[in-house]
Amino acid sequence: MTYQTQTFDFDDAKAAAFANRFVGTLNEAALAIMTSLGHRAGLFDALASNPGLGSEGLADRAGVTERYLREWLGVMVTAGVVEYDPRDGTYTLPPEHGAVLTRAASPENMAVTTQFIGVAASVENEMLDRFRNGGGLCYHHFDRFHEVMAEDSAQLVVANLTRAILPIMPGLIDRLEVGIDVADFGCGAGRAMMALARAYPNSRFHGYDLCEDAFASTLEEARADGLGNLRLEARDLSSGEPLGPFDLICAFDAVHDQADPKGFLRIVKPSLRPDGVFLMQDIGGSRDLEKNIANPFAPLLYMISSMHCTPISIGQGGPGLGAMWGVETAQEYLVETGFASVALHRLPHDPLNAYMVARP
Ligand SMILES: C[S@@+](CC[C@H](N)C(=O)[O-])C[C@H]1O[C@@H](n2cnc3c(N)ncnc32)[C@H](O)[C@@H]1O
């Protein structure tokens, strides 16, 4: 038997550039985790409302301990996020940076999304084991998954429903005003249905999700508000049983995580009225790795897929399609599960996802 050996020229400049780039990687990763912490502690909001304060004053306004805040500010100043004046020891968040890091900036607040780094890190030990031994994960393995997902969707989906997402289905807003039946399959916190229930009191809204704890606080809020046209229900949508009938079914980022994604889609058509419509939002990547290289979000999306979407599906006995199953596969699945027409939309407010409108 002969073996072929391949020799590579070692490019010193390429190696040095790569090592340098990795210094940047370490620093950006450090910034991401501290941005998540700063968001949760309200530090960017405190900085934005109190420009030019010292760490003592800022700690007071933010309600945090000065020593930890000063260390956190060290990250933010050296990373170029916050400006520091050493003459009087004061800190300022430039308004251009506040425009992507504060609650006032929502739905453009990118600090919200940095929380997924911590969510993924919370299962690193489990994933090390799964990489070696196989197997999947369940929702309870993650720290704060449903909470972070809900906060992210509040920006990406809920805030854009009536102004950007629903208008891709002509005439739908008018029908919502008159009164129709709407469902959200895999509704998570159920915030999309709650927002629509408030906006369209003549229509009825139903959210279904495997995890009751994901929507418990929304249900409480809806009850306290006396919102009579919203129902949120725990249900395993891989049971194969149709629901409804509904005029509109939505699935926001819920199909690829499933134990049986095709089984999930198979119950959609029989749950719709004949003139009903299915709106499916899913990650807008391609199933072909090489086509994702130019996507600026691809490493983040593959990371979330590796640490959450793929193991969650495998943990339910599923195929582990992963978030990057691709719009090509998604459209094929919709046709295979009985939809006569499938239209793919890319919306300017959401560079991560594709929106598919499928009709029976
Ligand atoms: C990525 S999250 C999206 C949640 C929500 N649609 C949103 O956009 O915020 C996927 C959701 O699907 C739900 N899910 C997963 N498997 C399910 C199943 N078999 N039946 C019902 N829901 C399921 C999860 O509990 C989770 O809330």
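Which residues come nearest to the ligand?

## Ligand surroundings

The model is predicted. Around the ligand there are 20 residues, and those that come nearest are Ser 153, Gly 186, Asp 209, Leu 237 and Phe 252.

Backbone atoms face ligand nitrogen at several points. A polar backbone atom of Gly 186 is 2.7 Å from a nitrogen atom of the ligand. For Leu 237, a backbone N or O atom lies 2.8 Å from a ligand nitrogen atom. Arg 235 also has a polar backbone atom 3.5 Å from a nitrogen atom of the ligand. Gly 186 and Leu 237 are also among the residues that come nearest to the ligand.

## Helix 6 against helix 15

Helix 6 covers residues 111-121, and helix 15 covers residues 298-315. The two pack at an angle of about 30 degrees. Their axes are 10 Å apart. The crossing is left-handed.

Helix 6 contributes Phe 116, Ile 117 and Ala 120 to the contact. Helix 15 contributes Leu 300, Met 303, Ile 304 and Met 307. By class, the residues of this contact are seven nonpolar, no polar and no charged.

## Ala 164

Ala 164 sits in helix 9, residues 161-165. Is Ala 164 buried, partly exposed or exposed? Ala 164 counts as partly exposed because its relative accessibility is 23%, and buried would need a value under 20%.

Beyond its neighbours within four places in sequence, Ala 164 is in contact with Leu 347 and His 349. His 349 is 185 residues from Ala 164 in sequence. In space, their C-alpha atoms are 7.8 Å apart.

Technical notes: Residues are numbered from 1 along each chain as its sequence is written. This is a predicted model: local features need pLDDT of at least 70, side-chain atom pairs count only at pLDDT 80 or more; totals for chains, interfaces and linings use all residues. Side-chain values use heavy atoms; hydrogens and water are left out. Helices (H or I, at least four residues) and strands (E, at least two) are DSSP runs, numbered from the N terminus. Buried means under 20% relative accessible area, exposed over 50%, partly exposed in between (1.4 Å probe, protein chains only). Contact means heavy atoms within 4.5 Å. Axes are lines fitted to C-alpha atoms, for helices over the stretch in contact, and angles run from 0 to 180 degrees between N-to-C directions. A crossing is left-handed if the near helix is turned anticlockwise from the far one by less than a right angle, and right-handed if clockwise. Ala, Val, Leu, Ile, Met, Phe, Trp, Tyr, Cys and Pro count as nonpolar, Asp, Glu, Lys and Arg as charged, and the others, Gly among them, as polar. A residue is near a molecule or strand if one of its heavy atoms lies within 4 Å of it. A polar contact is a pair of N or O atoms within 3.5 Å; within protein, one must be able to donate a hydrogen and the other to accept it, and residues adjacent in sequence count only if both atoms are side-chain atoms.
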